[in-house]
Structure formats: structure tokens, C-alpha cells
Amino acid sequence: MNQLIFTFLLILGSLATISAQSQKPNILMIAVDDLRPELGCYGNELIQSPNIDKLASEGVVFKNAYCNIPVCGASRASILTGARPTQHRFLKYYDRADEQHLSAIYLAQHLKDNGYMTISNGKISHKPQDHGASWDENWRPTKFGTDFRNYALPENKAIEKAGKSRGPSYEMAEVPDSGYNDGLVALKVIADIERLKNSDQPFFLTAGFVKPHLPFNAPKKYWDLYDRSDFQPVGQLKLPENAPEKAFHNSGELRAYAGIPKNGPVSDSLSITLQHGYYATISYVDKLIGDILQALEEAGLRENTIVLLWGDHGWNLGDHGMWCKHCNFNTSLQTPLIISAPNMAKNATAETLAEFIDIYPTLTDLCGLETPETVEGKSLVPILEQPDAHHKDFIISKWKNGLTIKTEKYAYTEWYDEADTSVAKMLYDHESDPDEMNNLIGDVRYEALTEYLSALMKQHRGKDYFVDTSEQIGK
């Protein structure tokens, strides 16, 4: 009898092991708008980002991760289809994948088709209608209205309502974390976690935070984490040498806000305030992320959940005389990417190049799913297993008619006219010039390198680069 009981228990144990091994991992994807690598885990000693830093200690930090286009809607459409921007798709802030790349299988739809509960919270795609049916739940906060600027102070609401501008570029309000929409997103995600912990169905759960997108609105306690003396008005008058005019813009996104001059540099005082506000909003979102991760842990779901955090693109804080994104400089293209996955490396840093079209195949690989043929990225799972391994020799990003190829050492950008003829170039050595202040174009020593990088970039800028994929129904 004892032998029979022993055998029965052994069989039960084996079945439990098989069940655990076959269980698909959950996915928690955290998207943070306009986030440059201004975090403790990326070496910034001033920023207070303890919760994101803790997540970094539980996974792999990709130190050289790049968006494929530095504007929110297009970047998100590219991430969620795994496809590159081209001449015809994923170019503007309002672009939708379901209108511009009809043959692509949206990430949420692919996971849903393979048994996942899919829940979109906050800003994941730019427009919630983009592949809206691929989500079992598609939620955005409405308590304070749907305006992303989301002012809490009556005087700032009045300025915006007057219609002469978007309102102030920042706000410091005595409100709780739930006093802004991002706080409501965190509460919704936490409620979802509590609900999902008893489900047998794997989930793809998202948390899309708007901050640190303009305006820099955050509860006052996060502003109080920093002192104005922590910041200096550097960079906005320091321009690169010999850079083409096409490399720059007039910071139009910022200039739409009240109190911002229409041309020229902002005042030193305002420059400090804007930097202060950017840091305050990062710390605010960091706290919300910490609340979500704590809820995941308390629900007993952390061990079998992939947690992935990305910023949709970088942001200029007066760098190269510019604010906001929308350019081919490194400050707009480089952005955080952190992945913590079951049975993968922890507390590790990957120096190899990665680009955001790699996110889709990484998730399908981790979940044991086929990757659709339209996905152009390459899985990062080998790097999650061995962070010091090599992933890619180069990445390619695009902004308008400017294409950038980034290797381990160099960043080369070339602008083209409508006939695909080169009209401007810039080349930076990131080992000796990480801030991109000395354009090497014109130096005869780099002519052969420039020709090589130009040809390489053209060869790999995308298989559908000149194809209008909005017309490729069923192909």
C-alpha cells in the first residue's frame, strides 16, 4: 500500500512539473512616453528612479537600445508590428498600424489568437482605435477628461480653455498620485492584477504612462525630490560644428505651450524649470511602476511574468539647441529598454545594439510562439540568456527623410530628396564624441567609411521601404 501511495504521489508530482513547464508566461508591458535613458540604472546619479532600478536588477538593461522612429504614434505602431518605418508608413504621431500595414499581425492579436487575455491600459497605441478589437479590454482614463495634458489646477485649465495655447508647459500641484491620469492607469493595472491572479489564462497586460510627456505635470511631492540648484541651463546654445540645417528643428512641440517664446532659446530660469519638471514626472511614474510591481509580487504572479519596460523614444533637454524629440540625434533615438523574464539573466547589462523592432520577436520567442513573417526584428532572447553576447552590428532609425545607421562606434545620418538622392549627411564618432558635437563629414579620412555606411543603410532600411503597405491587403 505504501508503495502504491508513493507511486501515486510521484505521478502527481510529475504531472505538476509538466504543467508548470507547459504554462505560458504572462506578460506585463510598461510603456513610458518620451523617456530618455535618464535613470539610475543607466548611470544617472541625480534622478530618483528606485523602482525602475529595482526592475533592472531583476533583468537585463539594454544600454544601447534605439527606437526606429522618434515620434510616439509611429514608434508604437512599429513596436507593436515589429516592422520598420518606410516612405509610406509609421511617420507621424497619429499614425495607425491597422491603416498603414494591413498585412502585419498586431502583437496583441497574435497573443490573443494563442490563448492570451489581452488588456490595454493607458497609452499603448497612440490611438485606442488602432487594432482596438485585438484587445479583450481597451481602457483609458476618463475621470479627468481625455486630454493628455490633464491639468489639475483651475488656473491652468482656464488658460487651456481660453484656446490661445495649450496651457503651461509644467504644473506642480498638491494632489495625490491619483490626481492625474497616470495615477489612474496604475490603479487600473493593479485592479487587473488582483483579478487575473485567479485566472488559468495567461495574460498580456499593459501599463501605458503619458509622463514624462509635456506638459510636465506631477504631484508636488515629486518636484520636492529635487532642488533647482541640481540643474544647470546647459546645452541649448551649444550647437554641433558643421551639422546640416536639416538636423535641427525649432522645438515646435514645446513652443505651443503658454509662456514659451516662439523662437530662440528659452530663458535660463525656464530651462532649469523644464529640466526639474522632466525629472519630477519621471519620479512620479517610477513610483506608479513600483506600485504595480509590488502588486504583481503580492499576487504571486511575478515569477511567471515577463516584465518589459520601454520608452517610445528619447527627448532633448536643450541638447543641440532643441527641446522635445523629432530629430536624428542620439538624444532622440536612444531610449531605455529593460526586460525581466523567467529563467533569464538578472542584474545584468547588455552593451550590444538593440532596436525596438526586436521587442515583438523577443516576446513571441519567450512565449514559445511562431513569429509572423512580417516582423523584421530579431529576438533578444540569446542576450537575455547571455547578456555579454553580440546581437547586431548596427541598427537603423528614421525621421522624415533622414535615415540613421548606428554601429558600436559610429552614428551616420543621410537625408534624401523625393528622388532618393542624398542631400545632406552627418557622421559622429561615439567613442570620442558621445554628445555628437563634431560632424566628421568633409574629413577625407572618413570618406570610405561614409560610403560603406551609406550603402549598408540603404541595403537594410526595410524590405517594403518604397511599398505602400496600406494597399497590400492580404499580401
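**Close-up views of the predicted model**

**View A. F90 in the loop between α3 and α4.** F90 sits in the loop that runs between α3 (72–81) and α4 (97–100); the model shown here and in the other views is predicted. Although F90 is not a glycine, its phi is positive, at about 55 degrees. F90 is buried, as its relative accessible area of 0% falls under 20%.

**View B. H326 in the loop between β10 and α11.** H326 is placed in the loop between β10 (323–324) and α11 (330–333). This residue is not a glycine, yet H326 has a positive phi of about 65 degrees.

View C. The peptide bond joining K211 and P212 is cis, with omega about 15 degrees. A cis peptide bond also joins L214 and P215, where omega is about -10 degrees.

**View D. Packing of α7 with α10.** Helix α7 (residues 181–196) packs with helix α10 (residues 268–298) at an angle of about 5 degrees, and their axes are 9 Å apart. Because this angle is under 35 degrees, α7 counts as roughly parallel to α10. From α7, the residues in contact are D182, G183, A186, V189, I190 and I193. They meet Y284, V285, L288, D291, I292, A295 and L296 in α10. By class, the contact of α7 with α10 consists of ten nonpolar, one polar and two charged residues.

Note on methods
Residues are numbered from 1 along each chain as its sequence is written. This is a predicted model: local features need pLDDT of at least 70, side-chain atom pairs count only at pLDDT 80 or more; totals for chains, interfaces and linings use all residues. Side-chain values use heavy atoms; hydrogens and water are left out. Helices (H or I, at least four residues) and strands (E, at least two) are DSSP runs, numbered from the N terminus. Buried means under 20% relative accessible area, exposed over 50%, partly exposed in between (1.4 Å probe, protein chains only). Axes are lines fitted to C-alpha atoms, for helices over the stretch in contact, and angles run from 0 to 180 degrees between N-to-C directions. Angles under 35 degrees count as roughly parallel, over 145 as roughly antiparallel, 65 to 115 as roughly perpendicular and the rest as oblique. Contact means heavy atoms within 4.5 Å. Ala, Val, Leu, Ile, Met, Phe, Trp, Tyr, Cys and Pro count as nonpolar, Asp, Glu, Lys and Arg as charged, and the others, Gly among them, as polar.
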